[in-house]
Amino acid sequence: IMSENGGVIGPVNDPVIQAEKITEVTSTGTFTTGAATTVLTEILVIGGGGGTVNCGSGGGGGGGYRTASCISVCASTGYPITVGAGGAVAARPSGGSAGGNSVAGFPSNPITSAGGGGGNFGAGSNGGSGGGAGACGFESPGNNNGGTGNTPPVSPAQGQDGGGAQRNQGGSGGGGGALSAGSFANSGNGNAGGNGQISCITGSPVRRAGGGGGGGRGNGHHGGTGGLGGGGCGNNSPTCNTDAINGTANTGGGGGGGSAGLPSPYPAPTKSTANASGGSGVVIIKEPEVKTAPGIWDLNEVYENV
């Protein structure tokens with residue numbers, strides 16, 4: 001209220017500030033908005049990465065990668081969040097399991113990111129990003145295709161295709177990542193997984209949803225490097241020199257492929273034929289800073305102060 005000499009009179013009403021908040025949801029549950037939150041600045045939803053099989057397997061596909069902004073919500077309200085599990089390992093004749101879907105259940109803009117496709121010793125399976133193909137030893141001529149990414153289709157795409165493999169070479173293609181597709185394998189060595197996407201939602205650049213590297217043929221051949229963003233290395237890759245590595249938890253990274261481990265007269269792989277599971281997904285939510293002024297002067301207060 002302005003006085004006659006231009007000054008301000010009346011009670012002091014200091015503003016209330018609700019600070020910006022970033023919540024990383026790493027397991028299925030309920031997310032509750034702040035007392036002054038009516039809009040979410042940004043969210044990132046990543047599905048679980050795909051698992052692999054122990055027979056010259058392609059790498060697991062990275063989980064689907066989706067973002068949204070300016071999502072209307074109600075203050076102090078709980079919303080269901082599902083975080084997809086990483087896909088499980090398998091043994092021939094089964095392929096690696098696909099990762100689980102991650103879901104942000106905001107009614108004004110629900111978002112589902114599909115789990116990454118499983119890596120296989122045959123054709124890779126479809127998913128957020130496709131699983132890599134592979135081959136179990138020397139087989140009849142022809143190719144095995146990688147799994148199709150962006151399944152089910154959304155725009156912009158949530159992931160890329162998995163790499164294929166030439167069956168008469170026995171090599172395995174790496175799984176697709178959110179940014180780049182897995183590469184074709186035709187040398188007996190597993191190829192690298194596709195790279196994941198970079199996001200700055202947490203305040204610094206972090207890459208997630210990388211595809212797993214493919215496993216090698218087994219007789220002196222090596223697996224591929226995991227894609228950047230949580231993808232696991234394939235069996236005996238030069239970069240990791242270990243058994244196949246799981247996709248990193250809460251990145252949606254695909255698992256690394258296992259070796260074929262061919263029987264005599266072929267030499268055994270230098271590491272075991274073990275395969276790897278996918279990494280679990282994640283949902284990251286950013287709430288904006290909110291400033292509010294508490295209370296309103298009624299006419300009696302105005303009169304008394306004047």
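## Chain, aromatic cluster and pocket

The chain contains one helix and 14 strands; helices (H or I, at least four residues) and strands (E, at least two) are DSSP runs numbered from the N terminus. The model is predicted, so local features need pLDDT of at least 70 and side-chain atom pairs count only at pLDDT 80 or more, whereas totals for chains, interfaces and linings use all residues. Residues are numbered from 1 along each chain as its sequence is written, and side-chain values use heavy atoms, with hydrogens and water left out.

Of the 306 residues, 50% count as buried, that is, under 20% relative accessible area, with exposed over 50% and partly exposed in between (1.4 Å probe, protein chains only). The chain exposes about 12500 Å², of which carbon and sulfur atoms supply 52%; these areas come from the Shrake-Rupley method with a 1.4 Å probe. Among contacts (heavy atoms within 4.5 Å) between residues at least 6 apart in sequence, 61% join residues at least 24 apart.

The structure holds two aromatic pairs. Rings of Phe, Tyr and Trp (its six-membered ring) pair if their centres lie within 6.5 Å; planes under 30 degrees apart count as stacked, over 60 as edge-to-face and the rest as tilted.

| Pair | Centre distance | Plane angle | Class |
|---|---|---|---|
| Phe31 and Phe106 | 6.3 Å | 85 degrees | edge-to-face |
| Tyr79 and Phe106 | 5.2 Å | 55 degrees | tilted |

Both pairs link distant parts of the chain. Phe31 lies in strand 3 (residues 29-32), 75 residues from Phe106, which sits in the loop between strand 7 (102-104) and strand 8 (111-113). Tyr79 belongs to strand 6 (residues 78-82) and is 27 residues from Phe106. Phe31, Tyr79 and Phe106 form one aromatic cluster. Phe31 is buried; Tyr79 counts as buried because its relative accessibility is 7%, and Phe106 does so at 0%.

The largest pocket has a volume of about 190 Å³. On a 1 Å grid over the protein atoms alone, a pocket is an open set of points where a 1.4 Å probe fits, with protein on both sides within 12 Å along at least five of seven lines; lining residues have an atom within 4 Å of a point. The volume is the space filled by probe spheres set on the points. Thirteen residues line the largest pocket, with Tyr65, Arg66, Thr67, Pro156 and Ala157 nearest its centre. Strand 5 (residues 65-72) gives the largest share of this lining, three residues. By class, the lining has six nonpolar, six polar and one charged residues.

Methods
Ala, Val, Leu, Ile, Met, Phe, Trp, Tyr, Cys and Pro count as nonpolar, Asp, Glu, Lys and Arg as charged, and the others, Gly among them, as polar.
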